[in-house]
Amino acid sequence: MDVFNVGPRRRFQLVLIKPSHYGDDGYVIRWWRSMVPSNSLASIYGIAADSAAREALGVDVDIDIVAIDEFNTRVDIPKLLRKFANNKNFGLVALVGVQSNQYPRALDIARQFRNANIAVAIGGFHVSGCLSMLDGKAVGLDACRELGVSIFAGEAEGRFDMLLQDAAGDRLQPIYNYLKDLPGIEQTPAPLLPLVNVKRTLGLSTSFDAGRGCPYQCSFCTIINVQGRKSRFRSPDDIESIVRTNWAQGISRFFITDDNFARNKNWEAVLDRLIWLRETQSIPLGLLVQVDTLCHKIPNFIEKCKRAGVTRVFIGLENINPDNLLAAKKRQNKITEYRKMLLAWKDQGIMTLAGYILGFPGDTVESIRKDIAILKRELPLDIVEFFCLTPLPGSEDHQLLWKSGIAMDPDLNSYDLEHVCTAHSRMSISEWAGIYNEAWSIYYSPDHMEVLLRRAAATGIRMSSLVKLLYQFSTMHLLEGVHPLQSGIFRLRHPDERRPGLPLENPLFFWIRLGRDLIRKTWFTLSMLTRLSVVAVRISYDPKRLEYADEAMTRVTDEDEHNLDLLNQTSSAKDAVAHQKKVFELTRGTA
């Protein structure tokens, strides 16, 4: 036998696609530069790259990996079909991190590849959440089976080799269900995206998870039913490896996607390692983390976040009405701590972003207007992100409605947290949608944006960063009809990206309209940024800028704080104050 007579190496085509979803105009939401990096895509790419490096399909098979985030990259299906055809359809299309609102678009992509007899698998929170909480068929899972799309539920660490091998051997299973066998994530392949992908996001930023799972029981959340309530963590060594691998590409800005980094048992060791990398190794880290409303009570947590490079923190504030918080099982949120917590972040010059949900059972149009006024006046928040309470498949809220047969919007494309998907006991659908639209203009009024800039100047927050966020959050809903977190720079469209079933536009008229819209929106963007920048510069040169104070920025005693409207607007708010006072007296008495 001639041992040197080796046959040609085969090339397995692995195409990873993070789908977008359809906008209200029926076109895929896609940007020249998107705002938020996809952690799901980074996680699967890192795992896939590790499989390729280990030659998981054998020494005679190379794995060619293409990663596409549809929020910033067009899925050119004809081009991809040619790529597969040139390799005898030897490969796999993996639709990764698919959320419920992205599921219709994911199926439309999958259908075109399946028509060409190319293997397709789908994973993410929609399929995993439905299998975790429902009957295995709802909501829309049979569509995958009919197309011959393999469903992957759970997490891919330790399982991806088998998926690739099954695809290469033409034996993909209809379903891979690992929801009851969640893997540890320590010393697993690090989330990673190639630089070419990262360059398509704003600020050259990427993401990683330092931990998964959440111990809380919020009824609107899908994470606890997919990633579990038992938390799993990466080690400080893992985190250092992630940072160094990305820094080798020139990337030092990260979104740490843990649902609640403050409850990561390794938080201090991780922050200490990041501090060392930043202060000793001179890696200019810029971090965004997500935390709860009680994180300020953890000794040294906020101070070490600052030293590690945290510049922005997202807080799941959710609501200021204790009855609404209890209805959602958000028992960990204590409104009596909101102001202290926010001022603690302000003390470190760290920008606060808060999620606020509209549509809890106790909400009315008037109560929401009143609550937003209180937010503006009494809480030193920077950015508020409004959402509609949405029964996401995979959540307890959805499961209860589904089991009770209560009507929900049948179009999963609407489950994006900005469309009303079910009825409310105290608001009509039009009232609910109306107050959601109005909330953005109430909070981001010109007067209040100036207040936010004055607060930033007084507390050392970088003004240019806040200007950009104020533009994004004050205009995207009005200008583009999308939530700011789904936004980016320059909305792009293509005639073949319109949702199936909607009429196709005349190509000439389409491109003329697109060009006209681009000019109009660019002019609006420049005008808005100019106005905000002029205000920011004027404030920056104000010699008294550091002396600025208002009600939200004023430090008060516990007794004074109980006079805030925040703590007196409802009987449950007053009960929360009374409970806090009783706990204080009891603990003081036993100290």
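Reader: Which strands does helix 2 lie across, and at what angle does helix 2 run to strand 1?

Author: This is a predicted model. In it, helix 2 lies across strand 1, strand 3 and strand 4. Its direction makes about 155° with strand 1.

Reader: What does helix 3 touch on the sheet?

Author: Helix 3 packs on strand 1, strand 4 and strand 5. Its direction makes about 165° with that of strand 5.

Reader: How do you know that the span of helix 3 agrees with its number of residues?

Author: Helix 3 covers residues 103–115, which is 13 residues. The expected span takes one less than that number, times 1.5 Å. That gives 18 Å, and the end C-alpha atoms are 18 Å apart, so the two agree.

Reader: What makes a residue of helix 3 buried, and which ones are?

Author: Buried means under 20% relative accessible area. Among the residues of helix 3 that qualify are Tyr-103, Leu-107, Ile-109 and Phe-113. The buried residues pack against several elements, including helix 4 (125–133) and helix 5 (141–147).

Reader: In what order do the strands of the open sheet come?

Author: The order is 3-1-4-5-6-7, six strands with parallel pairing.

Reader: Why are strand 3 and strand 7 called edge strands?

Author: Strand 3 (61–69) and strand 7 (175–177) each pair on one side only.

Reader: How do you know that strand 5 and strand 6 pair?

Author: Pairing needs at least two bridges, and three join strand 5 to strand 6, so they pair. Ile-122 stands opposite Ile-151 in strand 6.

Conventions. Residues numbered from 1 in each chain as written. Predicted model: local features only at pLDDT ≥ 70, side-chain atom pairs only at ≥ 80, totals over all residues. Heavy atoms only, no water. Helix = DSSP H or I, 4+ residues; strand = E, 2+ residues; numbered from the N terminus. Buried < 20%, exposed > 50% of the residue type's maximum accessible area, 1.4 Å probe, protein only. Contact = heavy atoms within 4.5 Å. Axes fitted to C-alpha atoms, helices over the stretch in contact; angles between N-to-C directions.
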